[in-house]
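This briefing is meant to be read alongside the sequence and the coordinates. Please keep both in view while going through the points.

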Amino acid sequence: MWKINEIFYSIQGEGFHTGTPAVFIRFSGCNLNCSFCDTNHQEGKTMSLYEVINEVKRYPNARMVVLTGGEPSLFVNQALIDALKRNGKMVAIETNGTHKLPDGIDWITLSPKSSFAGGDSAPLVLTECNELKVVYLGQDLKQYAKIKAEHRFLQPCYCDDDDIRQYTMRSCLNAVLSSPDWRLSLQTQRVLNIK
C-alpha cells in the first residue's frame, strides 16, 4: 500500500524525454523540505499495487510511466517495478538521489538538492544516472562533476515573481553557454499550462 497523491496522463515536460506521453505516479511525501519546491505532494489516498496498476492501465497509449513525488525512492519497491514491466511499461523515476533504488528502472533522472536550503538534510547516495537535472539558482556546477550521467540538464528555478524568474532564466542560459556539457531544460508543462 502506498499513499498516492495522483496518477495522471500527460507529457513529460522536462529533461531528455520532453514531449513524450507518460503516465505519472506521484507519491505523497518527501524526506527533504526544499524552499523552492513547487509540488503540493503531501495529500493523497492509500492505494494497493492492484489499484495502482489498474489506474495505469487506463492509459494504454502511454509506454512510459514516470515515478515522481515528493520523493518516490522512499516508497517504490521491486513489486511495483516488476508489475509495471509485466504490463509493458518503460519505468522512469525522478529522484533526489538520497535513497537506493530497486532494480529494473529503465531511466533515472537524478535531481540533487544538496546545495539548497531545506534540501541538504540527507546525503546524496546515487552517483550514476541516465539524466542529471539540476534546478539552477546560480550554484557552482563543479559540485556535480563526480556524478556519472549520460545527459546533464540545467533547469532555471521557477518562482512567481517575474523579475526574479527572468533573472534566473538568464543566469541559467549563461551557465549553459559557458558550460557546454550542460543543456537547458525548461518546464514546458508551465508554458503549455498543463499538468
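The model is predicted, and the secondary structure of its chain comes to four helices and nine strands. From the N terminus on, these elements run β-β-β-α-β-α-β-β-β-β-α-β-α. Buried residues make up 50% of the 195 residues in the chain, and among contacts between residues at least 6 apart in sequence, 60% join residues at least 24 apart.

**The sheet and its edges**

- The nine strands form an open sheet with mixed pairing, and their order across it is 3-1-2-4-5-6-7-8-9.
- At the edges stand strand 3 (45-47) and strand 9 (183-184), each of which has a single partner strand, so that one side of each is left without a neighbour in the sheet.
- Strand 1 (residues 2-11) pairs with strand 2 (residues 21-27) in the antiparallel sense, over seven bridges, and within this pairing E6 has R26 of strand 2 as its bridge partner.

**Strand 5 and its neighbours**

- Strand 5 (residues 90-95) is largely enclosed by the rest of the structure, because five of its six residues are buried; a residue counts as buried when its relative accessible area is under 20%.
- On one pairing, strand 5 is joined in the parallel sense to strand 4 (residues 64-68) over four bridges, with L67 standing opposite I93 of strand 5.
- In another pairing, four bridges join strand 5 to strand 6 (residues 107-110), and these two strands run parallel; here the bridge partner of E94 is T109 in strand 6.
- Strand 4, helix 2 (residues 78-86) and strand 5 together make a β-α-β unit that is right-handed.

- Two packed helices are described by the angle between their axes and the distance between the axes.
- For helix 1 (residues 49-57) and helix 2, the axes come within 11 Å and cross at roughly 30°, and the crossing is right-handed.
- The contact between the two helices is made by L49, V52, I53 and V56 on the side of helix 1, and by A79, L80, A83 and L84 on the side of helix 2.
- The residues of this contact divide into eight nonpolar, no polar and no charged.

**Two residues in their surroundings**

- T168 is found in helix 3 (residues 162-178), and its relative accessible area of 6% is the reason why T168 counts as buried.
- Leaving aside neighbours within four places in sequence, T168 is in contact with Y136, L137, P156 and C157.
- K100 lies in the loop between strand 5 and strand 6, and its relative accessibility is 72%, so K100 counts as exposed, a term that applies over 50%.
- Although exposed, K100 touches S73 and V125, when residues up to four places away in sequence are not counted.
- The C-alpha atoms of K100 and V125 are separated by 6.8 Å, while the two residues are 25 residues apart along the chain.

Notes. Residues are numbered from 1 along each chain as its sequence is written. This is a predicted model: local features need pLDDT of at least 70, side-chain atom pairs count only at pLDDT 80 or more; totals for chains, interfaces and linings use all residues. Side-chain values use heavy atoms; hydrogens and water are left out. Buried means under 20% relative accessible area, exposed over 50%, partly exposed in between (1.4 Å probe, protein chains only). Two strands pair if DSSP finds at least two bridges between them. A crossover is right-handed if, with the strands pointing away from the viewer, the path from the first strand over the helix to the second runs clockwise. Axes are lines fitted to C-alpha atoms, for helices over the stretch in contact, and angles run from 0 to 180 degrees between N-to-C directions. A crossing is left-handed if the near helix is turned anticlockwise from the far one by less than a right angle, and right-handed if clockwise. Contact means heavy atoms within 4.5 Å. Ala, Val, Leu, Ile, Met, Phe, Trp, Tyr, Cys and Pro count as nonpolar, Asp, Glu, Lys and Arg as charged, and the others, Gly among them, as polar.
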